[in-house]
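Here are a few exercises to work through with the model open beside you. Try each task before reading its solution.

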Amino acid sequence: MSFTINSRPAINILNIPLLKQQQLQASVLRLDEVHPVVSGNKWYKLKQYLALAQSTGKSAILTFGGAYSNHIVATAAACHAAGLRSIGIIRGEEPKVYSPTLSDAAQHGMQLFFVTREAYREKQIPAQLERTLTPEIYMLVGEGGYGKEGMLGAADIFTGIMLKSYSHIICSVGTGTTLAGLTYAALPHQQVIGISALKNNHSLESAVQFLLPTDKQEAFQILHEHHFGGYAKYTPDLLDSMNTWYRQTGIPSDFVYTGKMFSAFQHLSAEGYFPVGSNILLVHSGGLQGNRSLPAGTLIF
Ligand SMILES: *Cc1c(COP(=O)(O)O)cnc(C)c1O
């Protein structure tokens, strides 16, 4: 795999009837085009961990995720490129047939260990692995890259962007690390809004606050009503909305995160959530590889 990061992702100005009707402006920051595998926000969340691992002489990164995790495959590819070993602790039994995500991770040299859901919840390191590894050689990266380094990396998402003209910034939320980074980097007049991809996870607010300095802890909000049934769940409505969005804008989305964010954005716009004249920046956090777990032909892109 070649490892070239596109450090100047495009900003697409949206031109859809809804925006004209509501007298809004909106644009999409295309982090999905940063890299084909280490897509979207994952590269930003990982880069400080990679740098820290290298500067402290670690030879491996150990992290956690599910069988379809964008974070797992991104970590595998980024470590491979950085010359670090990667170890993934995967939730659940080893499947007979690997998901595309897991085969890609393995192909990028990630060593995979499958653990029970209980062991996963406790973030236990399997005994056979612990015997061969000492903390001096590996660096632990939280599930989804959650942590201060992840937040500071995500704050770089806005580097080189003329941020001033936007009134609102919107992103999708899994662990909240990206939302924290964007809140950290946002200007005082901007509203930062996270669309949760999870159902009823009301510990997210405190998880985001934990990563932020005191003066930024109230500078964001999370909306919890746009999960379409829960994490990684989808409905025919969601898939329709993703296809319509692609037809109207030419922008592909994923069904776990960004499809839900774009749908939420349209609902909010239609119901007058944004004041007239608002200029909204939607952060496309990538994740398109995850669509490979949908039945073929579901999406038009
Ligand atoms: C991982 C992921 C997210 C969630 O990011 P967090 O920083 O964990 O909140 C959002 N969108 C996409 C496409 C992702 O892959």
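**Exercise 1.** How do the residues of the shell around the ligand divide into nonpolar, polar and charged?

*Solution.* This is a predicted model, in which local features need pLDDT of at least 70, side-chain atom pairs count only at pLDDT 80 or more, and totals for chains, interfaces and linings use all residues. Residues are numbered from 1 along each chain as its sequence is written, and side-chain values use heavy atoms, with hydrogens and water left out.

Sorting its members gives two nonpolar, eleven polar and two charged residues. Here Gly counts as polar, and Asp, Glu, Lys and Arg as charged.

**Exercise 2.** Find polar contacts (pairs of N or O atoms within 3.5 Å) of the ligand.

*Solution.* First, take the side chain of asparagine 70: one of its N or O atoms is 2.7 Å from a ligand oxygen. Next, glycine 176 brings a backbone N or O atom to 2.8 Å from an oxygen of the ligand. Finally, a polar side-chain atom of serine 285 lies 2.7 Å from a ligand nitrogen.

**Exercise 3.** Which element gives the largest share of the shell around the ligand, and where does its lysine 47 find a salt bridge?

*Solution.* Helix α2 (helices are DSSP runs of H or I, at least four residues) gives three residues, the largest share. Lysine 47 meets aspartate 156 in a salt bridge (2.8 Å, N to O); the cut-off is 4 Å from a Lys or Arg side-chain nitrogen to an Asp or Glu carboxyl oxygen. Lysine 47 lies in α2 and aspartate 156 in the loop between α7 and β7, so the pair ties together parts 109 residues apart in sequence.

Conventions
Polar contact = N/O pair within 3.5 Å; in protein donor to acceptor, adjacent residues only side chain to side chain. Helix = DSSP H or I, 4+ residues; strand = E, 2+ residues; numbered from the N terminus.
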